[in-house]
Structure formats: C-alpha cells, structure tokens
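Take a look at the chain below.

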Amino acid sequence: MRFPFLGEVLQRLLRNRTALAGGLIVLGFVLIATLADLLAPHDPLEQDLYNRLKPPVWEEGGERTHLLGTDDFGRDLLSRIIHGARLSLFIGTISVGISLVIGTLLGALAGFYQRGVDQCIMRLMDIMLAFPSILLAIAIVAMLGPKLRNAMIAVGVVGIPQYARIVRASVLAQAQQEYVLAARSLGAQDFRLIFRTILPNSLAPLIVQSTLGFATAILDAAGLSFLGLGAQPPLPEWGAMLS
C-alpha cells in the first residue's frame, strides 16, 4: 500500500520550524524511553538505604554518582525518571489505543445507521461526558482495583466519547459523498462501506485527536498513580514518584 501524501507531509514539516523543533523533542523522548536500559546509570529498582534522600552527587569514576540525587529508598532518581519515560509512553499508547478502537467503532456505527443506533450510542456518550474525566477514571479504577493495567483501561474508557463523536460527524459527512453512493449502487456491503470506503477518508481528525489525547492520557494516568490508584511501588512511574 502506497501513501503518496507522506512526501507532502514531510515537506511541510521541514518548512515549519516550530513543528520540526517539536518533532525533534518528541523524537528525543522516544529515543530516551527506547534506550532507557543503556542511558540509565543505575538500576531504577536498586535500593541503597545508606544513601537515601541524598542531594545530587557527582563522583568521577565512582559508583555513588547520582546526578539528581536519591529517593527515600536510596534509588537513583535520574534512572527512575528515564525508565518512567518508557512506562509513560506505554501507558499513553495503550490508553489511546483503547479509546481509538472502541470510539471509532461506536462512532462509525452511530453515523452510518443513525436513528435508533445513533440515539442509543450518542446518549451513552453524553452520559459519560457529563462526568469530569478524572472522577470517572477514579470510579472505574475503584471498581476494578488499583493497578497500572486498570488505570490504563480507565483512562482509555474515559476518552472513548471524544473519538466516537468525531468519527460520527465524519461518517455523517462522508456517507452522502458521491463515491460512497457509487459503492453502494455497485452492491458494496455495509462492512465494506464503513471500514474500506468511509473510515479511510475520515482519518485526519482522528490523527489530530489521538495526538492530543496521547498527552492527556499520560497526565490522567499520572494523576491516578499520584492518588495511589495506578502504578504501584516500586514501578518507576512519574505520577507515583511525585506522590
């Protein structure tokens, strides 16, 4: 499968210095998370109670080098932050994936079939949007139990309504286009119309929303961990480390 528009996107990115700088920063974080085992100076779980709560220490050639100090268990903070970047990217990916897949499916069904299906799905989305996202996530984690996996599920569920509404609007707009009517007249089944004809032409708003939702998912999961409902010790997760 070819994507001829990728060349144009790359050219626009290279011409936009602000976007290029932001892309390089994001790429830097991804590389740090990927190479965490090589970049971290210490094991993020290794405890050294004799050197707990130490300020930043630099000893050339020594084993007690802690550029950002240690926590209350003597663990190197820099190493935990580096490994926390990997965990946060993993959390964002899984949470956004849950929201994207389920929200896209529900939004596509609501926009394509309309009437009864649309009313049922959209009223459910409205009910979910009526609650503050963090409170709804806390309620879901309280039911499932305080674990990192459950926190990712909660953050993913909370994000479903945004994707469902965006996809529904796109499907409603695309369903009346001539290429869709032509495919329907040729006998295309509903499944093919939705997933092979309409959704590929509705990707632009989904890409934007998933990009913005990635950062929100990381912050929401960190907030849950800060409250003790997400990642549990001794995992080096940023929210848990702040608490």
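Helices here are DSSP runs of H or I with at least four residues, numbered from the N terminus. With that naming, Pro234 is found in the loop between α11 and α12 (238-242). The peptide bond from Pro233 to Pro234 is cis. Its omega is near 5°.

**Confidence**

This is a predicted model. The mean pLDDT of the chain is 87. Of its residues, 96% reach 70 or more. Among the elements of the chain, two mark the ends of the range:

| Helix | Residues | Mean pLDDT |
|---|---|---|
| α1, the lowest | 5-15 | 74 |
| α7, the highest | 148-158 | 94 |

Where pLDDT is low, the predicted coordinates should not be read in detail.

**The core**

Which residues have the most contacts inside the largest nonpolar core? They are Met125 and Val171. This core has 38 residues. Several helices each supply at least two residues of it: α4 (77-113), α5 (115-129), α6 (133-144), α7, α8 (160-174), α9 (178-185), α10 (190-198) and α11 (203-226).

**A helix pair**

Two packed helices are described by the angle between their axes and the distance between the axes. The axes of α2 (residues 17-34) and α4 come within 8 Å. They cross at roughly 110°. Angles of 65 to 115 degrees count as roughly perpendicular, and α2 and α4 are therefore roughly perpendicular to each other. On the α2 side, the contact is made by Phe29, Val30, Ile32, Ala33 and Thr34. On the α4 side, Ile82, Ala85, Arg86 and Leu89 take part. By class, the contact has seven nonpolar residues, one polar and one charged.

**Two single residues**

Is Gln174 buried or exposed? Buried means under 20% relative accessible area. Gln174 has 18%, so it is buried. Gln174 lies in helix α8. Leaving aside neighbours within four places in sequence, Gln174 is in contact with Tyr179, Val180, Ile198, Asn201 and Ser202. Ala188 is 14 residues from Gln174 along the chain, and their C-alpha atoms are separated by 15 Å.

Leu53 lies in the loop between α3 (36-39) and α4. Exposed means over 50%. Leu53 has 54% relative accessibility, so it counts as exposed. Phi of Leu53 is near 55°. That is a positive value in a residue other than glycine.

Definitions and conventions. Residues numbered from 1 in each chain as written. Predicted model: local features only at pLDDT ≥ 70, side-chain atom pairs only at ≥ 80, totals over all residues. Heavy atoms only, no water. pLDDT = per-residue confidence, 0-100. Core = buried A, V, L, I, M, F, W, Y, C linked by side-chain atoms within 4.5 Å. Buried < 20%, exposed > 50% of the residue type's maximum accessible area, 1.4 Å probe, protein only. Axes fitted to C-alpha atoms, helices over the stretch in contact; angles between N-to-C directions. Parallel < 35°, antiparallel > 145°, perpendicular 65-115°, else oblique. Contact = heavy atoms within 4.5 Å. Nonpolar A, V, L, I, M, F, W, Y, C, P; charged D, E, K, R; others polar.
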